[in-house]
Amino acid sequence: MTALESVIRPAVASDLDAVAEIFTHYVRHTVITFEETPPPVAAWRRRLDDLAAQGLPFLVAELSGQVAGYAYAAPWRPKPAYRHTAETSIYLAPGRTGQGLGGALLEALLTACARTHVRQLIAVIAGTGADTGAGANASVALHRRHGFTEAGRLASVGHKHDRWLDTTLMQRALGHPSAAAPDLNR
């Protein structure tokens, strides 16, 4: 199955067991996330509710009735001046990479974020560097294809699975620079 056969839709509570299972794989077996302990489903429920309360999207890609991946935008930093900037997160179920789902989820996330107060998106791509494997490089390429540009690299800022890891920061503006300014009261 491919992205063309998927349904991208807002996440609901019944999706969160699958979301937690997908993320658990990445926590335990990769350096794609710097988390070291998989969060329980209850934490995912809180995240879903919190993002909804902030008007931020949490999406899933569904194939044949199964959650095959998810994406969401979360606040970049807690300080008020950052309120128009969000960080993207995209994860695919093992075995679902390379089928166009990441691109479909990212495109849907960009569209959903453009309808919010968000004006800048940041991707923090963990595990980038010379010896970290294809996952981070695929994520950099995915974001680049969707208009993100590299904004910087942080060297050796994470330590997981007995090695020091870099992150790449990528950024993308939403909307046209001459577009109306966001409502600054939000």
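This is a predicted model: local features need pLDDT of at least 70, side-chain atom pairs count only at pLDDT 80 or more; totals for chains, interfaces and linings use all residues.
P38 sits in the loop between α1 and α2. Leaving out residues up to four places away in sequence, P38 touches T24, V27 and R28. Its C-alpha atom is 9.9 Å from that of I22, a residue 16 positions away along the chain.

The overall layout comes next. The protein chain holds 4 helices and 7 strands, and in sequence order they follow the pattern β-α-α-β-β-β-α-β-α-β-β. The chain has 186 residues, of which 42% count as buried. Among the contacts with a separation of 6 or more, 66% are made by residues 24 or more positions apart.

Strand β1, residues 7-10, pairs with β2 in the antiparallel sense over 4 bridges. In this pairing V7 stands opposite E62 of β2. Strand β2 also pairs with β3, again in the antiparallel sense, over 6 bridges. Here V60 stands opposite Y70 of β3, and A61 stands opposite G69 of β3. Strand β3 in turn pairs with β4 in the antiparallel sense over 7 bridges, with Y72 opposite S89 of β4.

How enclosed are these strands? In β2, 5 of the 6 residues are buried, so this strand is largely enclosed by the rest of the structure. In β3, 8 of the 10 residues are buried, so β3 is likewise largely enclosed by the rest of the structure.

S64 is a residue other than glycine with a positive phi, and it is found in the loop between β2 and β3. With a relative accessible area of 57%, S64 is exposed, because the cut-off for that class is over 50%. S156 also has a positive phi, of about 50°, although it is not a glycine. S156 lies in strand β6, residues 149-160, and at 39% relative accessibility it counts as partly exposed.

In soluble globular proteins, nonpolar side chains tend to be buried together. The largest nonpolar core in this model has 44 residues, and those with the most contacts inside it are W44, F58, Y70 and L121. The elements that give two or more residues to this core are α1 (16-29), α2 (41-53), β2 (58-63), β3 (66-75), β4 (85-92), α3 (101-114), β5 (120-128) and α4 (134-145). Apart from its neighbours within four places in sequence, F58 is in contact with R9, P10, A11, L16, V19, W44, R47, L48, L51, Y70, A71 and Y72.

The remaining topic is the empty space. Rolling a probe the size of a water molecule over the atoms shows where empty space is left. The largest pocket has a volume of about 1100 Å³. It is lined by 43 residues, and the closest to its centre are I32, I90, Y91, V124 and S139. The elements α1, α2, β3, β4, α3, β5, α4 and β7 (163-173) each supply at least two residues of the lining. Helix α4 gives the most, with 7 residues. The lining residues of the largest pocket divide into 23 nonpolar, 15 polar and 5 charged.

The second largest pocket has a volume of about 180 Å³. Of the 13 residues that line it, the closest to its centre are Q54, L56, P75, R83 and H117. The lining of the second largest pocket divides into 7 nonpolar, 3 polar and 3 charged residues.

Conventions:
Residues are numbered from 1 along each chain as its sequence is written. Side-chain values use heavy atoms; hydrogens and water are left out. A nonpolar core is a set of buried Ala, Val, Leu, Ile, Met, Phe, Trp, Tyr and Cys residues joined through side-chain atoms within 4.5 Å. Buried means under 20% relative accessible area, exposed over 50%, partly exposed in between (1.4 Å probe, protein chains only). Contact means heavy atoms within 4.5 Å. On a 1 Å grid over the protein atoms alone, a cavity is a set of points where a 1.4 Å probe fits but cannot get out, and a pocket is an open set with protein on both sides within 12 Å along at least five of seven lines; lining residues have an atom within 4 Å of a point. Grid points are joined across faces, edges and corners, and a volume is the space filled by probe spheres set on the points. Ala, Val, Leu, Ile, Met, Phe, Trp, Tyr, Cys and Pro count as nonpolar, Asp, Glu, Lys and Arg as charged, and the others, Gly among them, as polar. Two strands pair if DSSP finds at least two bridges between them.
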